[in-house]
Amino acid sequence: MIQQDKKDLASALERRKVALVVGAQGVIGRNLINYLLTLPDWDIIGLARRGGETTERVQYIAVDLLDRDDSQEKLGELTQVTHIFYAAYQDRPTWAELVPPNLTMLMNVVEVVEAVAPGLQHISLMQGYKVYGAHLGPFKTPARETDAPHMPPEFNVDQQNFLEQRQRGKSWTWSAIRPSVVAGFALGNPMNLAMVIAIYASISKELGLPLRFPGKPGAYHSLLEMTDATLLAHATVWAATNETCANQAFNINNGDLFRWSEMWPKIARFFDLEVAPPLPMSLNIVMVDKEPLWHEMIEKYRLERHSYQEVSSWNFGDVVFSWDYDMFADGSKARRFGFHEFVDTEAMFMNIFEDLRRRRVIP
């Protein structure tokens, strides 16, 4: 019996998987790590520029992935990695400028880790609807994974091309995960729409104002979808651990559509606010002077002392609220391959707002 127990333990250790989560402090990476922690057969290494607090199952490494020497030094001994989950992003002013840094970071991770990790099984690449040209203007909806590419530059496409070429003749596989706007808990993230809405609504209430939709008039009535960060984590791991998903791209979304004209009043009710007619305005402009008020609110409501920069992503809010055209994709391919989870988007928003209150991020 003892001998058999030892064999079972050895077999379990051999089956253990080691996830390298790149972009570990973002809304996608953070929620992916939280999900992996619920799975007993995973160990986790998180990469982020500012590192993180290492625990029994999560080792954090601070690394500058734009620096090949730093990448080699920090990642060159990660021989145990079996799965790379790539969700890092570097922002730049123009689409063309996004390509070099974002492609370089992926290349540095893959080239360094692949050379030292003989058990590498899969590389998961986080993309988005930019693959379909969603950021450029009205595009074909519902977007499908088989849609024709658009005129470059586009770093998501270059990253996938790199993986496809690198994978040829290798034993590891890749997957490309394409969510819509991702919502979940994360601080200091430049793309966090739920946080944008929560802080905007909280400040509106503090000023005695109704909750006005700040985007373009057409955006208030266009069709939109979201991707819950926890749902996305489940789908990402599913695609990375199922052989039928090898070398495939998948749209991942909540499974329902909405219009801000319907969702906005429901959000306002959560914050006990009235709704006034939409008024186009740049949040990046009208919210820039609200930092002193935010600090007053921290003291008044005894909130956690998060800086204004940590809780505001006004640029991203302006981008999303400017979409005066439909923004959704066909998620049926993932269902055909076996992923059947879905999330009600209204419930998702309310759950995130409740979580922000529990964490004392908002009043």
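**Figure 1. Helix α3 passes helix α4 in a right-handed crossing in this predicted model.** The two helices, α3 (residues 68–75) and α4, pack at an angle of about 35°. Their axes lie 10 Å apart. On the α3 side the contact is made by R68, S71, Q72 and L75. The α4 side contributes N108, V109, E111, V112, V113 and V116.

**Figure 2. Helices α6 and α14 form a right-handed crossing.** Helix α6 covers residues 193–206, and helix α14 covers residues 345–358. The angle between them is about 65°, with the axes 10 Å apart. From α6, the residues in contact are A194, M195, I197 and A198. From α14, they are F349, I352, F353 and L356.

**Figure 3. Helix α5 spans residues 155–167.** Which residues of α5 are buried? They are F155, N156, Q159, Q160, F162, L163 and Q167. These residues cover an arc of only 155° around the axis, and therefore sit on the same side of α5. An α-helix has 3.6 residues a turn, so residues three or four places apart point the same way. After α5 comes G169, with a positive phi near 80°.

**Figure 4. Two cis peptide bonds are shown, one from T141 to P142 and one joining P152 and P153.** Omega is near -5° for the bond from T141 to P142. For the bond between P152 and P153, omega is about 15°. P142 is placed in the loop between β5 and α5. P153 is likewise found in the loop between β5 and α5.

**Figure 5. N247 and R360 are non-glycine residues with positive phi.** Phi is near 55° for N247 and near 60° for R360. N247 lies in the loop between α7 (229–241) and β10 (248–252). With a relative accessibility of 29%, N247 counts as partly exposed. R360 belongs to the segment after α14. Its relative accessible area is 35%, so R360 is partly exposed.

**Figure 6. H306 is located in the loop between α10 (291–301) and α11 (308–311).** Is H306 buried or exposed? At 16% relative accessibility, H306 counts as buried, because the cut-off for a buried residue is under 20%. Leaving aside residues up to four places away in sequence, H306 touches L187, W294, I298, V311 and V361.

**Figure 7. Residues 5–13 have pLDDT under 50 throughout.** For this stretch, the model has zero contacts beyond four places in sequence. Where pLDDT is low, the predicted coordinates should not be read in detail. For the chain, the mean pLDDT is 94, and 96% of the residues reach 70 or more.

Note on methods: Residues numbered from 1 in each chain as written. Predicted model: local features only at pLDDT ≥ 70, side-chain atom pairs only at ≥ 80, totals over all residues. Heavy atoms only, no water. Helix = DSSP H or I, 4+ residues; strand = E, 2+ residues; numbered from the N terminus. Expected span 1.5 Å × (residues − 1). Buried < 20%, exposed > 50% of the residue type's maximum accessible area, 1.4 Å probe, protein only. Arc of directions from axis to C-beta. pLDDT = per-residue confidence, 0-100. Contact = heavy atoms within 4.5 Å. Axes fitted to C-alpha atoms, helices over the stretch in contact; angles between N-to-C directions. Left-handed = near helix turned anticlockwise from the far one by under 90°.
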